[in-house]
Amino acid sequence: MKANESSLDFVSLAALNLPPMLIYPAFIFGLFTFLITIFCNMLIIAVIAFSKDLQKPMFLLLVNLPIGDIIALIAFFPQFLISIVTQNRLITYNACLTQAFFLHYYAGANIYTLSAMAYDRYIAICAPLRYNAIMTPQKVIHFIFWIWFYCSAVTFAVFMLLARFKICRNNIVDLYCNNPSIITLICDNTTVNNYFGLCTLMLSLGGSSLVVIYSYAQILFTCIKTNQADAWHKAIQTCGTHLVTFLSFQVFIFISLLAHRFQNAPVSLRQILGLCIIIFPPILDPIIYGLKVQELRLNIVRLFKKTLGLTKWGSGGVTVKVKEAGL
């Protein structure tokens, strides 16, 4: 009970320890990374939303990745950039809980989205003649709804269990707030939180891994059975980018969680892996899907050409009107 009475209003995140001469260069680099990554992810969303030929199940599922990435960027970067300039790593406990909520929300949404995309690729390659009958617009909408609903429900439950406690310590060794780090600030019994977190982790990571493993095993068997170069080329072209994204995200999360479980794990390892989970997917997703997926790449190029064409036409139009007016 004593721990409950010793509630603290602020928590301290891991110090950045930047030399004075690197503070503003680091801020400018971080701000540039934040803005360009936001722009690239919004570009993917806009291209898919406004291109009629991209209104397909694969792209309607894909658009959820940049949405989740933007949530993570906004949850992490503003507070991080301010702390670079001020060298003040204090954050209110309520803000810490909010940041942790949205970062876990982002991680869950990405995992479930990548699982749904794996199922979509499985149907496209293993049952191409029935693809349109199986992946109907209604089914895709149901997929998207359940991705965000389940992610919201699980994340909300995790943080409702966490919010009932008051903290008795205020030092977090990570660079941002997350559920495992916040639990270490609590002196009360958190057994229920630990077991619930473990169950949701097994269901999320384990369930998504099973879906992806099954989907890609079926794709592999189909390619072996047909033994055609076109089948292998299509499988690699459509699944390679997805598999790289899924595996890298899963590996980062798994190793990071293991590092939290073992007290002897180097703090620097936890911090580096934590940053990888937040920074790399939002940066790499637009690059991987925007450059490697041909349909998306062509629509991005078309959008830029159309924009440049309108600009040139607008300039030409002004010139013509000026000449006609005899000015």
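The largest pocket in this predicted model holds about 870 Å³ of space. On a 1 Å grid over the protein atoms alone, a pocket is an open set of points where a 1.4 Å probe fits, with protein on both sides within 12 Å along at least five of seven lines, and lining residues have an atom within 4 Å of a point. Volume here is the space filled by probe spheres set on the points, which are joined across faces, edges and corners.

The lining counts 38 residues, and His104, Asn179, Pro180, Leu201 and Leu257 lie nearest the pocket's centre. Among the elements that give two or more residues to this lining are α5 (93–126) and α10 (229–261), while α9 gives the most. Helices are DSSP runs (H or I, at least four residues), numbered from the N terminus.

| Class | Members of the class | Lining residues |
|---|---|---|
| Nonpolar | Ala, Val, Leu, Ile, Met, Phe, Trp, Tyr, Cys, Pro | 19 residues |
| Polar | the others, Gly among them | 16 residues |

Beyond its neighbours within four places in sequence, Asn110 is in contact (heavy atoms within 4.5 Å) with Leu65, Gly68, Asp69, Phe249, Pro281 and Asp285.

Residues are numbered from 1 along each chain as its sequence is written, and side-chain values use heavy atoms, leaving out hydrogens and water. Local features need pLDDT of at least 70 and side-chain atom pairs count only at pLDDT 80 or more, whereas totals for chains, interfaces and linings use all residues.
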